[in-house]
Amino acid sequence: YVGVLIGAGLSSGQEAMQYFIPFGEKELLGLIVVGLLHIFVGEILLQLGSHFIAVSHIDVLKNVYEKYLNKFMDFALILNCFLIGKIFCREQS
């Protein structure tokens with residue numbers, strides 16, 4: 001689950017090392033919160049996908065949201081993936 005859906009950076013701990021640990025001990029709380037949110041939200045998403053027998057995220061969005069909110073959420077997910085990828089590419093340079 002972690003390696004496929006979330007990505008190798010998070011499952012290996014590299015994301016945590018790059019974004020939370022360099023800022024000191026008090027940001028360790030942020031790491032714990034993000035970890036718990038990934039567990040909680042990931043379980044909900046997997047249950048929804050199983051319930052709707054989804055092949056794609058669109059199948060879940062269509063059943064959960066109204067037409068226009070569905071399109072907004074799809075756009076927001078795509079934009080989020082693009083921006084995260086852009087940030088990682090810029091940091092690697």
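**Notebook: helices, burial and a nonpolar patch**

I began with Asn70 and located Asn70 in helix α6; helices (H or I, at least four residues) and strands (E, at least two) are DSSP runs, numbered from the N terminus. The model is a predicted one, in which local features need pLDDT of at least 70 and side-chain atom pairs count only at pLDDT 80 or more, while totals for chains, interfaces and linings use all residues. Residues are numbered from 1 along each chain as its sequence is written, and side-chain values use heavy atoms, with hydrogens and water left out.

**Asn70 and Tyr65**

I looked up the burial class of Asn70: Asn70 counts as buried because its relative accessibility is 11%. Buried means under 20% relative accessible area, exposed over 50%, and partly exposed in between, with a 1.4 Å probe and protein chains only. Leaving aside neighbours within four places in sequence, I found Asn70 in contact with Leu61, Lys62 and Tyr65, contact meaning heavy atoms within 4.5 Å.

I then turned to Tyr65, which lies in the loop between α5 (57-64) and α6 (67-92). Tyr65 has a relative accessibility of 29% and therefore counts as partly exposed. With neighbours within four places in sequence again left aside, Tyr65 is in contact with Asn70 and Met73.

**Asp74**

Asp74 is buried yet has no salt bridge; a salt bridge is a side-chain nitrogen of Lys or Arg within 4 Å of a carboxyl oxygen of Asp or Glu. The nearest side chain of opposite charge is that of Lys71, 7.5 Å away. For charge, Lys and Arg count as positive and Asp and Glu as negative, while His and the chain ends are not counted. Outside the four places on either side in sequence, Asp74 is in contact with His57, Ile58 and Leu61.

**Helix α4 and what follows**

I compared the span of α4 with expectation. Its 24 residues should span 34 Å at 1.5 Å a residue, and the end C-alpha atoms are 35 Å apart, which agrees; the expected span is 1.5 Å times one less than the number of residues.

Within α4 (residues 28-51) I located Ile32, which counts as partly exposed because its relative accessibility is 46%. Gly30 is also found in helix α4, and Gly30 counts as partly exposed at 25% relative accessibility. The C-alpha atoms of Gly30 and Tyr19, eleven residues apart along the chain, are separated by 9.8 Å.

Just after α4, I noted a positive phi of about 50 degrees at Ile53, a residue other than glycine. Ile53 lies in the loop between α4 and α5 and is exposed, its relative accessible area being 71%.

**Surface patch**

I recorded a nonpolar surface patch of about 1,100 Å², whose members include Ile21, Leu28, Ile32, Leu36, Phe40 and Leu45. Patches are made of residues with over 30% relative accessible area and no salt bridge; like charges are joined within 9 Å and nonpolar side chains (Val, Leu, Ile, Met, Phe, Trp, Tyr) within 5 Å. Accessible areas come from the Shrake-Rupley method with a 1.4 Å probe, and for residues only the protein chains shown count as cover.

**Whole chain**

The protein chain holds six helices and zero strands. Of its 93 residues, 9% count as buried. Its accessible surface comes to about 7,600 Å², and 69% of this belongs to carbon and sulfur atoms. Among contacts with a separation of 6 or more, residues 24 or more positions apart account for 33%.
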